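Please keep the sequence and the structure in view while reading.

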Amino acid sequence: MRSSQSITKEHMPASKQPPSRPGRRPLPRSPGGSPLWYAAGFLLVLAIVQAVFFVARSGRTLPYSEFKSLVRAGKVAEVVVGAAEIRGALKAAEAGSPNFTTVRIEDPKLIEELEQHAVEYTGEAASSWMTDVMSWLFPVLFLIVIWSFFFRRMGGAEGGVMSFARSKAKIYSEDDVKVKFEDVAGVDEAENELKEIVEFLKTPKKYTSIGGRIPKGVLLVGPPGTGKTLLARAVAGEAKVPFFSLSGSEFVEMFVGVGAARVRDLFRQAEAKAPCIVFIDELDALGKARVQSPIGSHEEREQTLNQLLAEMDGFDARKGVIIMAATNRPEVLDPALLRPGRFDRQVLVDKPDIRGREDILRIHAKNVKIAPDVELKVVAARTAGFAGADLANLVNEAALLAARRDKPAVEMKDLEEAIDRLIAGLEKKRVMSDKERRIVAYHESGHAIVATVVPGLDPVHKISIVQRGFGALGYTMQLPLEDRYLLTRTDLQNQLSVLLGGRSAEEIAFEEISTGAQNDLQRATDIARAMVTEYGMSDAMGAITYEPTRRPTFLNMPMPQERGPYAEETAQRIDAEVTRIMTEAHEQARRILRERRQTLDQLAARLLEKEVIEGDELRVIVGSGRPCGSQR
């Protein structure tokens with residue numbers, strides 16, 4: 001039973017998530033398939049055939065005296081008399097190679113002796129100098145053509161062998177970029193900041209005339225899917241300038257020096273097309289901080305980064321070239337990249353608030369047939385924490401669901417089901433035993449009752465015991481009434497009680513516990529440890545942070561399991577405080593559920609009957625039940 005601030009899922013540890021399959025770039029075509037290699041193979045075979053034919057044709061070389069002796073002995077079958085040599089064949093009865101060659105000597109009696117011993121003979125005309133020249137000229141010309149074709153392919157603009165040092169940026173002309181600021185929503189602060197960049201590109205003299213300097217670089221930072229790349233394209237579309245787009249990983253190659261050469265080529269192309277925008281996506285792949293490691297470092301990446309720093313430092317901003325970059329890991333970037341003079345501005349592109357989500361939904365809903373009953377404001381309220389890409393996916397999923405059911409337009413029910421699919425996963429049609437269904441029903445009922453009773457928490461929107469996703473046997477969904485940016489110690493303690501409510505319900509109803517609370521315990525422990533080591537919310541430990549590494553700003557990545565620079569005694573005290581906080585939250589959840597044991601049974605029975613209960617019905621059931629006092 002996986003629990004979070006917005007959703008709690010029934011999770012069994014036996015489930016295994018399928019391995020992710022990241023999309024792959026198509027590999028460059030191997031030169032082995034080009035006509036050049038077929039031609040080279042043909043020439044090699046031709047040379048071998050000619051060599052074999054020449055050896056087989058010429059045979060062994062004999063002195064002229066031995067040749068005359070063989071003629072007189074009647075062992076020669078036939079000869080070809082040429083201008084410089086005589087080629088012939090011995091009779092079949094002779095051992096060894098039948099073919100032979102000898103140098104011709106002026107011998108007036110040769111023809112007479114050949115006729116005397118019945119040797120067949122023919123003559124061979126002497127070749128002219130023109131024939132000799134042409135026999136050499138044609139192969140040379142053929143080789144020149146082949147090598148010219150080879151070098152053109154190696155240095156071609158379509159990824160030839162010699163073009164690996166060229167920049168792989170995709171260049172969009174001013175007419176190719178159709179994105180405008182009106183196509184971007186939910187990031188008003190970032191949009192206003194970037195509108196000034198458009199003014200820089202359109203009317204640079206407005207700022208330079210009074211001594212102002214156009215920013216060299218703009219760094220867009222924020223969580224994945226918030227529209228950083230879309231904003232960069234909107235700037236190029238508004239300014240009507242060429243747009244260079246590439247990823248930071250495209251600079252780094254196996255060969256040393258290639259990345260630096262690509263950086264130089266990129267800036268050279270940008271200067272030729274100024275004013276323009278150069279956009280580097282996923283800058284952290286290129287600009288990761290340089291560190292001295294005992295096992296060595298990535299020399300090629302560091303050389304590429306050094307070249308980028310040098311190019312940006314020596315770049316003339318008056319030429320109207322703006323370097324824009326995007327990353328969701330700003331904490332790993334090299335400090336030299338972030339200093340003034342390189343990336344002068346850092347623009348935060350954060351997840352949208354409720355009004356921003358509504359505006360984003362309206363943009364994506366323009367291309368979809370929406371039924372009149374759809375209230376995008378309600379959908380925006382139910383999608384707290386969604387980024388722009390998530391909302392685009394939500395509208396698309398709803399459209400697919402409506403089309404699957406042959407509906408003429410997307411209805412509110414389709415959007416609600418799409419939200420469930422994105423948050424909880426795909427619904428599964430599996431049959432569980434009655435015992436397991438009862439455990440899941442009591443578990444989710446425990447989450448829901450604690451979340452409803454404890455003050456200050458987000459209201460429960462839906463409870464379900466329908467299997468979804470990978471190993472989720474049920475879930476309890478909470479939707480916030482408003483966007484929250486701060487959590488107090490009481491809020492976190494109440495969240496712990498909700499997370500432990502499922503396990504507490506199992507203990508009370510069955511006097512037994514199951515493996516379904518694994519994810520709940522893991523997340524609760526993480527929160528309790530963060531309260532002690534990061535937030536300074538433990539009176540016993542004081543207002544001190546004990547976290548050795550900084551948590552990623554925008555990515556929900558697991559923290560490395562390493563202890564901070566504190567003594568073993570301090571570590572024991574931290575573990576004791578985490579245990580205390582978890583125990584208090586567990587006791588609070590059990591107390592709430594014991595006082596409402598009748599409500600717990602009633603809600604679990606209703607959940608077994610309907611499988612899905614909406615928040616309004618839940619609040620009626622919980623409100624009708626009265627606490628019967630503590631039974632501790």
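**Sheet, core and a helix pair**

Strand 9 and strand 13 are paired in the parallel sense, over four bridges. Within this predicted model, Val218 has Arg345 of strand 13 as its bridge partner. Both strands belong to an open sheet of six strands, ordered 8-10-11-12-9-13 and with mixed pairing. Strand 8 (170–172) and strand 13 (345–348) each have a single partner strand and stand at the edges, so one side of each lacks a neighbour in the sheet. From one strand to the next, the twist averages 20°.

Helix 7 lies across strand 8, strand 9, strand 10 (243–247), strand 11 and strand 12, and its direction is at about 170° to strand 11.

The largest nonpolar core comprises 30 residues, of which Leu194, Leu220, Leu231, Ile277 and Met324 touch the most other members. At least two residues of this core come from each of helix 5 (188–202), strand 9 (217–221), helix 7 (228–239), strand 11 (276–281) and strand 12 (321–327). Leaving aside residues up to four places away in sequence, Ile277 touches Leu201, Val235, Ala236, Val241, Pro242, Phe243, Phe244, Ile322 and Met324.

A further contact joins two helices. Helix 16 (residues 434–453) packs with helix 17 (residues 489–499) at an angle of about 155°, the axes lying 8 Å apart. Because angles over 145 degrees count as roughly antiparallel, helix 16 is roughly antiparallel to helix 17. His447, Val450 and Ala451 of helix 16 meet Ser497, Val498 and Leu499 of helix 17. The residues of this contact divide into four nonpolar, two polar and no charged.

Note on methods:
Residues are numbered from 1 along each chain as its sequence is written. This is a predicted model: local features need pLDDT of at least 70, side-chain atom pairs count only at pLDDT 80 or more; totals for chains, interfaces and linings use all residues. Side-chain values use heavy atoms; hydrogens and water are left out. Axes are lines fitted to C-alpha atoms, for helices over the stretch in contact, and angles run from 0 to 180 degrees between N-to-C directions. Angles under 35 degrees count as roughly parallel, over 145 as roughly antiparallel, 65 to 115 as roughly perpendicular and the rest as oblique. Contact means heavy atoms within 4.5 Å. Ala, Val, Leu, Ile, Met, Phe, Trp, Tyr, Cys and Pro count as nonpolar, Asp, Glu, Lys and Arg as charged, and the others, Gly among them, as polar. A nonpolar core is a set of buried Ala, Val, Leu, Ile, Met, Phe, Trp, Tyr and Cys residues joined through side-chain atoms within 4.5 Å. Buried means under 20% relative accessible area, exposed over 50%, partly exposed in between (1.4 Å probe, protein chains only). Two strands pair if DSSP finds at least two bridges between them.
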